[in-house]
Amino acid sequence: MKDANESSLLALIGIVSQSSQNQIPDTYQSVGGTLTGQLNGGTVVFQLNGTNNLSRNSLGTFLFSTTIKSNSSYSVSVFSNPNGVTCGITNKASGTIGTSNITDVTADCNICGNGVKLSYEACDDGNLVNGDGCNNTCRIESGFSCNNSSPSVCTSI
C-alpha cells in the first residue's frame, strides 16, 4: 500500500509543479484601417489572410471581426471591387502581428476610367470602354500592352 500512496503523491506533486510554472497565454490582435476614395454607390470586399471577408459600402474606418495570433503574419487584399471602381491596399497590406492591434491599413478606391493610373491599377486610359486595351475595371485586356502613364496608352500586340 505504501508504494501506491507514494506513486499517487508523486503524481500529485508533478501536477502541482507543472501547473505552477509560468505559462504565457496566446494573445490575439485585430486588423483594421481606413478606406478612402469613392465607392460609386457600390461595395468593396476585403479579405484577411485570403479567407475572412469584410464588405464595406461606405468610406471610413474598417475592422475585421477575426483576430490574428501575435507573431503571426497577416495579409489584407481586395477580393472584389464595386462596378467602375478600382480599389487597392496602399499601406500596410501585409506584415507580422506584434503585441498591439494593426490599425493603419489604408485602402483607396477610385473611379476607373478617370485617366489617372494609380499603383494598384494595371492601366487607366480615361474611359470605361472594353476592347480598347484597358477594360472597365482598369485591367489590361488580352492582346494589348499599355504604358504606365496617365492616361494609359494601350496598343495591340
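Mentor: We will go through sheets, rings and charges in turn. Keep in mind that this is a predicted model.

Trainee: What makes β5 and β8 edge strands?

Mentor: Start with the order. An open sheet of 4 strands runs β5-β2-β10-β8, with mixed pairing. β5 (60-63) and β8 (85-91) each pair on one side only, and they are the edge strands. From one strand to the next, the twist averages 30 degrees.

Trainee: How do you know that β2 and β10 pair?

Mentor: Two strands pair if at least two bridges are found between them. Strand β2 (residues 31-37) and strand β10 (residues 102-111) have 6 bridges, in the parallel sense. Threonine 34 stands opposite threonine 106 in β10.

Trainee: Which strands make up the sheet with antiparallel pairing?

Mentor: That open sheet has 4 strands, in the order β4-β3-β7-β9. β4 (52-56) and β9 (94-96) each have a single partner strand, so one side of each lacks a neighbour in the sheet. Direction ignored, neighbouring strands here are turned by 25 degrees against each other on average.

Trainee: What makes β3 and β7 a pair?

Mentor: The cut-off is at least two bridges. Strand β3 (residues 44-48) and strand β7 (residues 73-80) share 4, in the antiparallel sense. In β7, valine 76 is the bridge partner of leucine 48.

Trainee: Now the rings. Why is the pair of phenylalanine 46 and phenylalanine 62 called stacked?

Mentor: Ring centres must lie within 6.5 Å, and planes under 30 degrees apart count as stacked. Here the centres are 4.9 Å apart and the planes are at 25 degrees, so the pair is stacked. Phenylalanine 46 sits in strand β3 and phenylalanine 62 in strand β5, 16 residues apart.

Trainee: What makes the pair of phenylalanine 62 and phenylalanine 64 edge-to-face?

Mentor: The planes must be over 60 degrees apart. For phenylalanine 62 and phenylalanine 64 the angle is 85 degrees, with 6.3 Å centre to centre.

Trainee: What makes lysine 92 and aspartate 104 a salt bridge?

Mentor: Their closest N and O atoms are 3.6 Å apart. The limit is 4 Å. Lysine 92 is in the loop between β8 and β9, and aspartate 104 is in strand β10. The structure holds 2 salt bridges.

Trainee: How do you know that aspartate 108 has no salt bridge?

Mentor: Its nearest side chain of opposite charge, lysine 117, is 12 Å away. A salt bridge needs atoms within 4 Å. Aspartate 108 is buried, and its place is in strand β10. Its side chain does have a polar contact of 2.5 Å with that of asparagine 110.

Methods:
Residues are numbered from 1 along each chain as its sequence is written. This is a predicted model: local features need pLDDT of at least 70, side-chain atom pairs count only at pLDDT 80 or more; totals for chains, interfaces and linings use all residues. Side-chain values use heavy atoms; hydrogens and water are left out. Helices (H or I, at least four residues) and strands (E, at least two) are DSSP runs, numbered from the N terminus. Axes are lines fitted to C-alpha atoms, for helices over the stretch in contact, and angles run from 0 to 180 degrees between N-to-C directions. Rings of Phe, Tyr and Trp (its six-membered ring) pair if their centres lie within 6.5 Å; planes under 30 degrees apart count as stacked, over 60 as edge-to-face and the rest as tilted. Buried means under 20% relative accessible area, exposed over 50%, partly exposed in between (1.4 Å probe, protein chains only). Lys and Arg count as positive and Asp and Glu as negative; His and the chain ends are not counted. A polar contact is a pair of N or O atoms within 3.5 Å; within protein, one must be able to donate a hydrogen and the other to accept it, and residues adjacent in sequence count only if both atoms are side-chain atoms.
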